[in-house]
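Subject: A structure for you to explore

Hello,

Here is the structure I promised to pass on to you.

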Amino acid sequence: MANSFENYQRRKLISSYFSVVLSIALVLFLLGILGLLVLNTKKMADRSKEQITISVFLKENTKEIEVEQLQKTLAMSEYTKSSTYVSKEEAAKQHSEEIGEDFVDYLGYNPLKNSIDVKLNADFVTAEKVEEIAATLSEKSFVDEVSYDRVLVSMVAKSVEQIGFWILVASAIFTFIAVLLINSSIRLSIYSKRFIIKTMQMVGATKTFIRRPFIWQNIKLGMIGATIALLAIGGVVYYVNTNFEDLGLLEEPYILVTLFIGVFLLGILISFISTYFATQRFLNLRTDELYY
């Protein structure tokens, strides 16, 4: 009978620990994925901005030395990410491939102009800055026209701001929910030991002495849960990086290191705080209040 009771208590304890670890792991996994999204939001937004192109069309009588000087000027400009010279022959070939017809043969001449396609650094992709850059380039005597998609520039800038704001809001909400869920799991675990806590207190044990084993036990569970969550996050990162290399998740390893350390420490911190206040609550209760 005694062995059966001990086995029952052991299974109950293991089940309690498993529930806590699973809760912590799931919550930290979701937080980690959200954190990964938050940390990479700017990078993904920058990639979108840097796809916008300013086309600088040159006049027919533009000299080769003027083109070279303009390219050097663009290369030294802080707003330039890259610049590519596109001859009117190359432009005609690209356009013919797009429409599936050689329009030069049809027209009898090539109406396109030589141009330089400029991609900007993300920090300069705002309606005001792009307009200013376009105006500066237009002042060149050999520049015929500067063209870019004004609507797209405004839309991208506005969308990035809105997405960033809502991601931060979602992060705050999910972090709050995560703390509540982990706290609830740990409180339920300690609730089952409330009579042991009160008994220790009644025989003269100090609050610090009583809290210490509970805090250490749940910190260990938090570390185990965080480790499981990090393994799962690592698997997701590997899968995404393998199948969507353009996202460049591994281009800046320090971001992942920061995220992993943050998730691990968060698991320990929440476990510590939740255990501390849960045990404190039962320590402050009167004996007759333990039954409610």
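Below is what was found in it, going from the whole chain down to single residues.

**The chain as a whole**

Please keep in mind that this is a predicted model. The chain has 292 residues, and 36% of them count as buried. It contains nine helices and four strands.

In what order do the four strands sit in the open sheet? The order is S2-S3-S1-S4, and the pairing is antiparallel. S2 and S4 (143-147) are the edge strands, each pairing on one side only. From one strand to the next, the twist averages 20 degrees.

You can trace some of the pairings yourself:

- S1 (residues 53-58) and S3 (residues 115-120) pair in the antiparallel sense over five bridges, and Thr 53 has Lys 119 in S3 as its bridge partner.
- S2 (residues 80-86) and S3 are also antiparallel, with six bridges. Thr 80 stands opposite Leu 120 in S3, while Val 86 has Ser 115 in S3 as its bridge partner.

**Helices on the sheet**

Helix H2 (residues 64-76) packs on the sheet and touches S1, S2 and S3. The direction of H2 makes about 0 degrees with that of S3. Helix H5 (residues 127-138) lies across S1, S3 and S4, and runs at about 170 degrees to S4.

Val 67 is in H2. Is Val 67 buried or exposed? Its relative accessible area is 10%, so Val 67 is buried, the cut-off for buried being under 20%. Leaving out residues up to four places away in sequence, Val 67 touches Leu 58, Thr 62, Tyr 85 and Ile 116. Val 67 and Ile 116 are 49 residues apart in sequence, and their C-alpha atoms are 8.8 Å apart in space.

Ile 133 lies in H5. With a relative accessible area of 7%, Ile 133 is buried too. Beyond its neighbours within four places in sequence, Ile 133 is in contact with Ile 54, Tyr 79, Leu 120 and Phe 124. Ile 133 and Val 146 are 13 residues apart in sequence and 9.6 Å apart in space, C-alpha to C-alpha.

**Two nonpolar cores**

Which residues touch the most other members of the largest nonpolar core? This core has 28 residues, and the answer is Leu 28, Ile 182, Ile 190, Ile 197, Ile 210 and Val 263. The elements giving two or more residues to this core are helix H1 (2-49), helix H6 (150-191), helix H8 (207-243) and helix H9 (253-284). H8 gives the largest share, eight residues.

**A buried lysine**

Have a look at Lys 49 as well, which lies in helix H1. Lys 49 counts as buried because its relative accessibility is 15%. Apart from residues up to four places away in sequence, Lys 49 touches Ala 122, Val 125, Val 156 and Val 160.

An unreviewed UniProt entry places the feature "transmembrane region" at residues 17-39, 163-186, 221-241 and 253-278. In the model, residues 163-186 are 100% helix and 0% strand, with the end C-alpha atoms 34 Å apart. Residues 253-278 are likewise 100% helix and 0% strand, and there the end C-alpha atoms are 38 Å apart.

Enjoy exploring, and write back with any questions!

Best wishes

Definitions and conventions: Residues numbered from 1 in each chain as written. Predicted model: local features only at pLDDT ≥ 70, side-chain atom pairs only at ≥ 80, totals over all residues. Heavy atoms only, no water. Core = buried A, V, L, I, M, F, W, Y, C linked by side-chain atoms within 4.5 Å. Buried < 20%, exposed > 50% of the residue type's maximum accessible area, 1.4 Å probe, protein only. UniProt positions renumbered as here; feature names shortened; annotations may be inferred. Pairing = 2+ DSSP bridges. Axes fitted to C-alpha atoms, helices over the stretch in contact; angles between N-to-C directions. Contact = heavy atoms within 4.5 Å.
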